[in-house]
Amino acid sequence: MAEITIDQLRERVRGPVVAATDEGYDDARRVYNAMIDRRPRVVVRCANAGDVAAAVDFARENGLPVAVRGGSHSVPGFGTVDDGVVVDLGGMRGVRVDPRNRTARAEGGATWGDFNAATYAFGLATTGGIISTTGVGGLTLGGGIGYLARGFGLSCDNLISADVVTADGRFVVASARENEDLFWALRGGGGNFGVVTSFEFALHPVRDIYGGPMFFELDDAADVLRFYRDFIQDAPEQFGGFPAYQIAPPLPFIPQDRQGEPFLAFVACWAGPLEEGEQAIKPLRDIAPIVAQHVGPMPYPALNSAFDALVPPGLQHYWKANFVTELTDDAVAAHQEHGPKVPVVNSTVHIYPINGACHRVAPDETAFAYRDATFATVIAGMWPDPAQNDVNTRWVRDYYAATAPLSEEGGYVNFMAADDQDRIAANYKGNYQPLVDVKRRYDPDNLFHLNQNIRP
């Protein structure tokens, strides 16, 4: 590829085009997971959907691999590639709310922090993630598990339409009324089918919630987990909390002499009437003594961003995940063996509830197939020091080895590592072959393969 070809690309797009010899290249190629260090041939910092189409055309015509970067939280580093084209949507972060129709449209590079800030002004929300710096696009395309999922379904269940640039450079709309097969595949099938430049969501009345973290002694963790597995089966759907193994960070509400110790934390979220919040989480408080807590009324965006400081860009990341139908006593014992060994304050293990409204969607209604699973577990290894990569990765793998036989075969694609490609079919169960068919229709040459890849 001659330099003039890059110059021609620059003439076609409005956003910056950053090549290896340009100032700012190292910043443009940097991704969230510092374990990933790749050198793209060019990074196209798109300003609009036309820029996206031009970048895709450029890559296809030059036979270059494509990496799509939305909110840039991809743990496997799928948002970058050696000697290829990065389609960077980070400059496309606008969110427009229609309060009358209770909908919002978010551009492909928006984060959940962007989204929540826009919708909170109208007392509205939809299911987002747990960290506000997570991208709207990546989370939604993989399914979208978050605090509000039991009440309103996954993020992808709230998707109304999507604007998509396909592998042949076309701009199409996917919804229940047009390109229905693509719309079905986008709701859980990941970034396999094109670059989504905007997402339209249904919104729900949520402004302030009642919740926050509570820290229990490790000796009481098994009791908390057993209570949680029973309680969540028929808990009110406004309840969306989850347990987590977590080292106590240096926060004012945690006794100074207990900071830096591992605990079983429980992050409560009651999205129903505020006056009912204290009573709604009382059963949790009655299980065992609470060492520290920061629980009360707060804006929903405040809870969604409460743990952002623990996961800044630049950490080393290695994650594993499984869906779980039943949290058996053996599973609780496995968590009790490995959870307390959480190595650093950034690392954690979360056991999210995905029943309630999530179960009212049929397994083949969207690409997200595990509609019978009750929990989604993530073992999130995150640490600052590369010298600790081997020991911290081993903690994740040992934990996963102990819990995987007690879980479903498949897991949540948003929590998968780069070495989980052999699990793709299991992650989608009966939806895998229909996804292959859609892939063949929209991306027969597998241009979009830097993902948990569904091969055509």
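This is a predicted model: local features need pLDDT of at least 70, side-chain atom pairs count only at pLDDT 80 or more; totals for chains, interfaces and linings use all residues.
Residues are numbered from 1 along each chain as its sequence is written, and side-chain values use heavy atoms, with hydrogens and water left out. Local features required a pLDDT of at least 70 and side-chain atom pairs counted only at pLDDT 80 or more, whereas totals for chains, interfaces and linings use all residues.

Helices (H or I, at least four residues) and strands (E, at least two) are DSSP runs, numbered from the N terminus. Two strands are taken to pair if DSSP finds at least two bridges between them.

Residues are termed buried under 20% relative accessible area, exposed over 50%, and partly exposed in between (1.4 Å probe, protein chains only). In H4 the buried residues are Trp-112, Phe-115, Asn-116, Ala-118 and Thr-119. These residues lie on the same side of H4 because they cover an arc of only 165° around the axis, the arc being that of the directions from the helix axis to the C-beta atoms. The elements covering the buried residues of H4 include E5, E6, strand E7 (124-125), helix H5 (136-142), E10 and helix H10 (300-304).

E10 runs antiparallel to E6, to which it is joined by five bridges, and Ala-106 stands opposite Phe-199 in E10. Six bridges join E10 to E8, again in the antiparallel sense; here Ser-161 has Glu-200 of E10 as its bridge partner. Strand E8 (residues 159-165) is also joined to E9 by five bridges, and these two strands run antiparallel. Val-164 is the residue opposite Val-172 in E9.

A further open sheet consists of four strands in the order E1-E2-E4-E3, and its pairing is mixed. Strand E1 (17-19) and strand E3 (66-69) are the edge strands, each pairing on one side only. The twist from one strand to the next averages 20°. E3 pairs with strand E4 (residues 85-88) in the parallel sense over four bridges, and Ala-67 stands opposite Val-86 in E4. Helix H3 (residues 49-61) lies across strand E2 (42-45), E3 and E4, and runs at about 170° to E4.

Strand E14 (residues 262-270) is likewise mostly covered, eight of its nine residues being buried. Strand E12 (residues 208-216) pairs with E14 in the antiparallel sense over seven bridges, with Pro-213 opposite Val-267 in E14. Strand E13 (residues 242-247) runs antiparallel to E14 and is joined to it by six bridges; in this pairing Tyr-245 stands opposite Leu-264.

A nonpolar core is a set of buried Ala, Val, Leu, Ile, Met, Phe, Trp, Tyr and Cys residues joined through side-chain atoms within 4.5 Å. The largest such core has 115 residues, and those with the most contacts inside it are Tyr-147 and Leu-186. Strand E19 (residues 375-383) gives the most to this core, with seven residues. Another core, of 26 residues, lies apart from it and includes Ala-19, Ala-54, Val-66 and Ala-167. Not counting residues up to four places away in sequence, Leu-186 touches Thr-140, Leu-141, Ala-162, Val-164, Ala-174, Phe-193 and Val-196.

Gln-452 is found in the segment after helix H14 (432-442). Gln-452 counts as buried because its relative accessibility is 7%. A polar atom of its side chain lies 3.1 Å from the backbone oxygen of Ala-417. The side chains of Gln-452 and Gln-421 are joined by a polar contact of 3.4 Å (a pair of N or O atoms within 3.5 Å; within protein, one must be able to donate a hydrogen and the other to accept it, and residues adjacent in sequence count only if both atoms are side-chain atoms). Leaving aside neighbours within four places in sequence, the contacts of Gln-452 include Pro-76, Phe-78, Asn-192, Val-413 and Ile-424.

Conventions: Contact means heavy atoms within 4.5 Å. Axes are lines fitted to C-alpha atoms, for helices over the stretch in contact, and angles run from 0 to 180 degrees between N-to-C directions.
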